Amino acid sequence: MADEMQLLEERVNREYEYGFSTDIETDTAPKGLNEDIIRLISRKKHEPEWLLEWRLKAFRHWEKMTMPKWANLQYPEINFQDIIYYAAPKTKKAKPGKLDEVDPELLKTLDKLGISLNEQKRLTGVAVDVVMDSVSVATTFQEQLAEKGIIFCAISEAVQKHPDLLRRYLGTVVPMTDNFFAALNSAVFTDGSFCYIPKGVRCPMELSTYFRINKENSGQFERTLIIAEDGAYVSYLEGCTAPRRDENQLHAAIVEIVAMGHAEVKYSTVQNWYPGDDAGKGGIYNFVTKRGICKGNNSKISWTQVETGSAITWKYPSVILKGDNSIGEFYSVALTTKFQQADTGTKMHHIGKNTRSRIVSKGISAGKSQNSYRGLVKVAKTAENARNFSQCDSLLLGDKCGAHTFPYIESKNNTAVVEHEATTSKIGEDQLFYCEQRGLDAEKAVALIVTGFAKEVMNNLPMEFAVEAQKLLAVSLEGSVG
Amino acid sequence: MLSIKNIHASIDGKQILKGLNLEIKPGEVHAIMGPNGSGKSTLASVLAGREEYEVTEGSVEFEGKNLLELSPEERAKEGLFLAFQYPVEIPGVSTTNFIKAALNEKRKYQGLEPLDAASFLKLLREKAALLELDKSLLSRSLNEGFSGGEKKRNEIFQMAVLDPKLTILDETDSGLDIDALRIVAKGVNTLHNADHSIIVITHYQRLLNYLQPDFVHVLMNGRIVKSGGKELALELEEKGYDFIKEELQESLTA
């Protein structure tokens with residue numbers, strides 16, 4: 001028994017597969033944050049005056065705010081003056097439109113990451129926007145999508161080409177004053193994806209954004225805005241990696257989703273930022289605000305996330321259920337190992353009548369990590385017959401890690417039904433031995449048990465990514481069983 | 001194929017097996033009976049390689065290899081199968097996926113390619129039919145919500161798919177009704193052949209009505225104290241273990 005436990009506890013060095021960095025010339029702003037830096041970012045992106053003013057307003061608000069301390073996370077003070085807020089891979093053109101204009105080194109990097117920008121590989125049926133440090137480097141399939149009226153481009157491109165749409169929706173779901181990190185992002189956001197699905201259009205392929213932090217000492221502050229008009233449908237996926245570095249890097253992103261009547265948006269994340277080394281050194285600080293609004297009746301927003309990376313994850317993809325009969329879903333697998341800390345969950349804010357929400361959270365903790373689920377189900381007075389079901393399960397590997405559940409329920413309507421179920425379990429000696437007796441070694445046994453545990457969430461990922469995510473879970477667990 | 005010599009084993013410092021000897025030849029069926037606490041399940045655990053049990057003395061040779069040096073998964077892949085007394089549940093992992101992973105690990109160990117989907121499904125269907133196992137059980141999470149009888153049948157089903165050389169049935173008959181017992185026994189008998197030896201650990205004679213052991217051993221206080229043919233099981237059923245205790249007393253005082 002002792003040996004088995006030791007195996008579980010032992011932390012063996014596992015190389016973070018994406019830990020390399022690319023030697024690309026970058027155009028960077030000096031370290032630090034002030035109004036001049038914001039003016040510089042805005043100028044680099046050739047932004048209109050209103051957007052600069054918007055950024056400055058956010059910055060002035062942010063200066064008056066303090067970092068939130070309520071999460072179950074421990075980390076040193078972040079020195080916001082020690083971060084580079086703008087880093088762009090240098091290219092001949094300010095924004096390469098075609099693949100042959102992209103730096104070959106960059107293409108090599110993307111190949112290494114398994115992202116093909118080659119549009120011939122259309123069999124995968126996924127359109128990709130790639131954001132490296134502060135800029136979007138390439139977006140594929142734009143023309144095919146445009147035929148259906150779908151806009152899929154970098155947000156900086158949307159600023160130029162679709163300013164009215166952008167201005168109408170930017171900051172409407174996550175206001176710039178929403179929270180400390182949202183304000184920071186609003187002041188300095190550099191790139192991200194913009195996606196617009198017109199009325200009645202079903203997006204024919206998965207849309208995907210791939211985020212990569214490359215430059216050291218830089219932060220990544222991307223912003224994604226997705227708008228689905230009446231009856232539109234889109235499935236969207238984001239993936240992220242970063243090089244292995246000794247210092248911590250900050251990632252503070254915002255995702256806003258607007259779903260009009262009968263629209264459906266499915267947003268899936270596979271987050272694999274560098275988690276830090278075995279001693280807890282380095283790793284990404286991931287402070288993200290993601291929120292969608294079911295604005296129209298009968299609309300639906302579904303978040304699915306597989307979180308395996310980052311030293312710190314602070315993230316609560318939420319849904320405002322404003323339209324009657326609208327549906328919000330949150331499916332999450334959060335795996336923490338080594339010294340990782342995750343405080344993640346969701347908010348379901350029921351406003352419309354007959355709104356429904358479903359929360360399925362699976363936390364897996366190993367090593368010396370801490371894994372918390374934090375969720376709020378809020379039912380407004382107006383939300384007649386609101387329904388929520390929450391299921392939060394935690395799985396512990398070894399006895400030096402922690403799993404925590406913080407569910408909050410606020411109901412102001414007595415016709416609402418809110419259900420919460422939670423379980424905590426440990427991978428048992430008996431389960432491991434049973435698998436071993438059938439010929440599976442401890443590592444394969446744990447991977448199998450964890451896969452089974454996370455299955456309900458994995459089943460919600462688009463097929464192409466479910467396999468990848470499953471592999472990622474297994475790889476992330478390597479070494480956690482010896 | 002299996003040679004156990006003077007094995008001593010303990011758990012948490014407590015000596016359970018105290019010099020056990022057992023020789024099993026290919027194709028033989030050996031029944032091990034004995035009162036509670038005599039060391040029956042310890043023997044199964046030691047052979048399968050459960051780490052809590054410490055072997056302090058003696059040797060076990062399995063198919064010419066030193067069994068005690070092998071990890072539990074290596075023992076399994078060498079052809080040792082333990083049908084658990086209390087099969088565990090693994091939520092979210094279907095029986096099909098589980099057995100597929102196990103089978104392919106074993107094949108890899110033998111230098112074989114993974115079985116293709118069609119052959120695998122055929123194998124599953126065939127073995128499930130043998131154990132009268134409902135096909136819907138195979139797509140459900142392993143043992144989750146299975147009845148006691150279904151769990152035991154599932155063990156024998158897994159044995160049938162993995163095709164071991166040595167099977168240890170650890171009180172497989174406990175908690176089975178008479179129909180389930182018959183089905184389990186039929187499964188075991190069908191799969192028992194000249195290359196497949198079986199150790200049946202049981203409290204009762206009733207399973208032995210179906211399995212026809214070549215040898216019956218009585219385990220007491222960590223040792224095999226009496227061996228005989230299947231008639232020994234009948235005698236035990238009739239007289240209990242006391243007559244053996246008395247015999248032992250007599251031989252000690254004689």
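This is a predicted model: local features need pLDDT of at least 70, side-chain atom pairs count only at pLDDT 80 or more; totals for chains, interfaces and linings use all residues.

Mentor: The sheet in chain B is open and holds 6 strands, in the order β6-β9-β10-β3-β11-β12, with mixed pairing. Strands of a sheet pair through backbone hydrogen bonds, and the pairing can be parallel or antiparallel. At the edges of the chain B sheet stand β6 (80–83) and β12 (223–228); each has a single partner strand, so one side of each is left without a neighbour in the sheet. From one strand to the next, the twist averages 20°.

In chain B, β6 runs parallel to β9 (residues 166–170), and 4 bridges join the two strands. Within this pair, B:A83 stands opposite B:L169 of β9(B). A helix also belongs to this picture: α6 (residues 148–162) of chain B packs on the sheet and touches β6 and β9 of chain B. The direction of α6 makes about 165° with that of β6(B).

Chain B has a mean pLDDT of 92, and 99% of its residues reach 70 or more. For the complex, the predictor gives an ipTM of 0.95 and a pTM of 0.83.

Next come the charged side chains. Side chains of opposite charge can pair when their charged atoms come close. Over all chains, the count comes to 32 salt bridges. One of them joins B:E105 and B:K77, at 4.0 Å from N to O. This pair links distant parts of the chain, since B:E105 is in helix α3 (residues 95–109) of chain B and B:K77 is in helix α2 (residues 72–78) of chain B, 28 residues apart. Both B:E105 and B:K77 are buried.

Another salt bridge joins B:E132 and B:K186, at 3.4 Å from N to O. Here B:E132 sits in the loop between α4 (117–130) and α5 (135–139) of chain B, while B:K186 belongs to helix α7 (residues 178–191) of chain B, and the two are 54 residues apart. B:E132 has a relative accessibility of 39% and therefore counts as partly exposed. B:K186, at 35%, also counts as partly exposed. Salt bridges that share partners join residues of both chains into one network: A:D441, A:K444, B:K77, B:E105 and B:K108.

Chain A has a salt bridge of its own to look at, between the side chains of A:K315 and A:E307, at 2.2 Å from N to O. A:K315 and A:E307 are both buried.

A:T346 is in strand β18 (residues 341–350) of chain A. With a relative accessible area of 1%, A:T346 is buried. The side chain of A:T346 reaches the backbone oxygen of A:P317 at 2.5 Å. Beyond residues up to four places away in sequence, A:T346 touches several others, among them A:Y316, A:F330, A:I359 and A:Y373.

A:L225 lies in strand β8 (residues 223–228) of chain A. Its relative accessible area is 0%, so A:L225 is buried. Leaving aside neighbours within four places in sequence, the contacts of A:L225 include A:I155, A:L166, A:F194 and A:E256.

Definitions and conventions
Residues are numbered from 1 along each chain as its sequence is written. Chains are lettered from A and ligands numbered from 1 in the order in which they are written. Side-chain values use heavy atoms; hydrogens and water are left out. Two strands pair if DSSP finds at least two bridges between them. Axes are lines fitted to C-alpha atoms, for helices over the stretch in contact, and angles run from 0 to 180 degrees between N-to-C directions. Contact means heavy atoms within 4.5 Å. Buried means under 20% relative accessible area, exposed over 50%, partly exposed in between (1.4 Å probe, protein chains only). A polar contact is a pair of N or O atoms within 3.5 Å; within protein, one must be able to donate a hydrogen and the other to accept it, and residues adjacent in sequence count only if both atoms are side-chain atoms. pLDDT is the predictor's confidence in each residue, from 0 to 100.
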